[in-house]
Amino acid sequence: DEAGSFRGPEVCVNPAFDVEFYMGVLPGSTSSREVLGAAHRRLKMLNELACQSRFLSGVIGVGSPLPLDAKLETFVDGKKTERSVGEIFKGKNVAVCGVPGAFTPTCSDKHVPEYIKCLAAYKTKGIETTCFAVNDAFVMKAWKKSLAAPEELIMLSDGNGDFASQLGISMDTGGFGGLRSRRFAMYAEDGIVKVLNLEDGGASTEKSSMLKLLDQIKG
C-alpha cells in the first residue's frame, strides 16, 4: 500500500559489449572509468524510457473497452464465484475503487472508508459499486467484513493480477507484495471506461478519491 515507487521492465546490458561499443564511439577514450560511466548513463536512460512506456502508453485510456473476457472472483450468496468482466460491467454503470492491497493502512483507514460513506450517493445515480485489488477472494471477503462494508459494495479479486496487467495498471512492489495494482478510481458505462483517475504513488488518494469520482460523473 505504501509502496510509492514503481519499477518498469528492466533492461539488461552486456558489460563486455558496452565496453567495446563505447571504446569505439568515444574517440580517444581509453579510460575504463569513462567507458563504464557512459555505459551506466545509457542503462539509466533505457530504464527511464522503459518505465515511461510501461506506465504511460500502456495504461488503458478513457473511451476504451475493458477486457470483457478477463476473469475476476467475488462472493455471490456466500460462495466464491468466478465471473467475467463482461458479466460485471456490460449493460451497467459501475464505479471501481482500486487499491494496492487489502488490510493495508491507506486502503483501510482512508480510501475505502471514504468510499463507503458515499455509496448511497452512487446508488442514487444508478451506479453499482465495487472495490478491486490483486488479492485472493477470501482475503477480500474478510477485509470487507472488517470494514463493516454494506452488501452492495462488491469486492473484486484479481488473484494473479491478469486484469490489472491488461489494464496497464499493475506494478511490481518487490518485497511488499509482488505484483499489485496501482491505486485508482474508475467509472465505466456498458464496459467502456469513462473516467480513470490513477495515482502516481501508493499512499496518496488525492487523484483516486471516490468523492472526486462521484463529482466527475454526470447525471
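Two residues are said to be in contact when they have heavy atoms within 4.5 Å of each other. The legends below describe close-up views of a predicted model.

**View 1. Val112 and its partners in the largest nonpolar core.**
Leaving aside neighbours within four places in sequence, Val112 is in contact with Cys97, Val99, Cys107, Cys131, Trp143, Leu147 and Leu153. Val112 belongs to the largest nonpolar core, a group of 26 residues. It is listed among the residues with the most contacts inside that core, together with Tyr115, Tyr122, Trp143, Leu153, Met210 and Leu213. Several helices and strands contribute at least two residues each. Among the helices are H4 (105–117), H5 (119–124), H6 (137–146) and H8 (210–216). The strands include S3 (93–98), S4 (128–133), S5 (153–157) and S8 (184–189).

**View 2. A second, separate nonpolar core.**
This core has 23 residues, including Leu66, Ala70, Phe89 and Phe184.

**View 3. Ser157 in strand S5.**
Is Ser157 buried or exposed? Its relative accessible area is 3%, and the limit for a buried residue is under 20%, so Ser157 counts as buried. The side chain of Ser157 reaches the backbone oxygen of Asn135 at a distance of 2.3 Å. When neighbours within four places in sequence are left aside, Asn135 is also one of the contacts of Ser157.

**View 4. The lining of the largest pocket.**
The largest pocket holds about 360 Å³ of space. Its lining consists of 16 residues, and those nearest the centre are Thr74, Phe75, Val76, Lys144 and Glu151. Which helix supplies the largest share of the lining? Helix H6 does, with five residues. Strand S1 (71–76), helix H6 and strand S5 each provide at least two lining residues. Sorted by class, the lining has eight nonpolar, six charged and two polar residues.

**View 5. Leu196 in strand S9.**
Strand S9 spans residues 192–198 and contains Leu196. With a relative accessibility of 19%, Leu196 is buried, because the limit is under 20%. Not counting residues up to four places away in sequence, Leu196 touches Val59, Ile60, Val62, Phe184, Ala185 and Met186. Of these, Ile60 is 136 residues apart from Leu196 in sequence, yet the two C-alpha atoms are 8.7 Å apart in space. Phe184, another residue touched by Leu196, is a member of the second core.

Technical notes
Residues are numbered from 1 along each chain as its sequence is written. This is a predicted model: local features need pLDDT of at least 70, side-chain atom pairs count only at pLDDT 80 or more; totals for chains, interfaces and linings use all residues. Side-chain values use heavy atoms; hydrogens and water are left out. A nonpolar core is a set of buried Ala, Val, Leu, Ile, Met, Phe, Trp, Tyr and Cys residues joined through side-chain atoms within 4.5 Å. Buried means under 20% relative accessible area, exposed over 50%, partly exposed in between (1.4 Å probe, protein chains only). Helices (H or I, at least four residues) and strands (E, at least two) are DSSP runs, numbered from the N terminus. A polar contact is a pair of N or O atoms within 3.5 Å; within protein, one must be able to donate a hydrogen and the other to accept it, and residues adjacent in sequence count only if both atoms are side-chain atoms. On a 1 Å grid over the protein atoms alone, a cavity is a set of points where a 1.4 Å probe fits but cannot get out, and a pocket is an open set with protein on both sides within 12 Å along at least five of seven lines; lining residues have an atom within 4 Å of a point. Grid points are joined across faces, edges and corners, and a volume is the space filled by probe spheres set on the points. Ala, Val, Leu, Ile, Met, Phe, Trp, Tyr, Cys and Pro count as nonpolar, Asp, Glu, Lys and Arg as charged, and the others, Gly among them, as polar.
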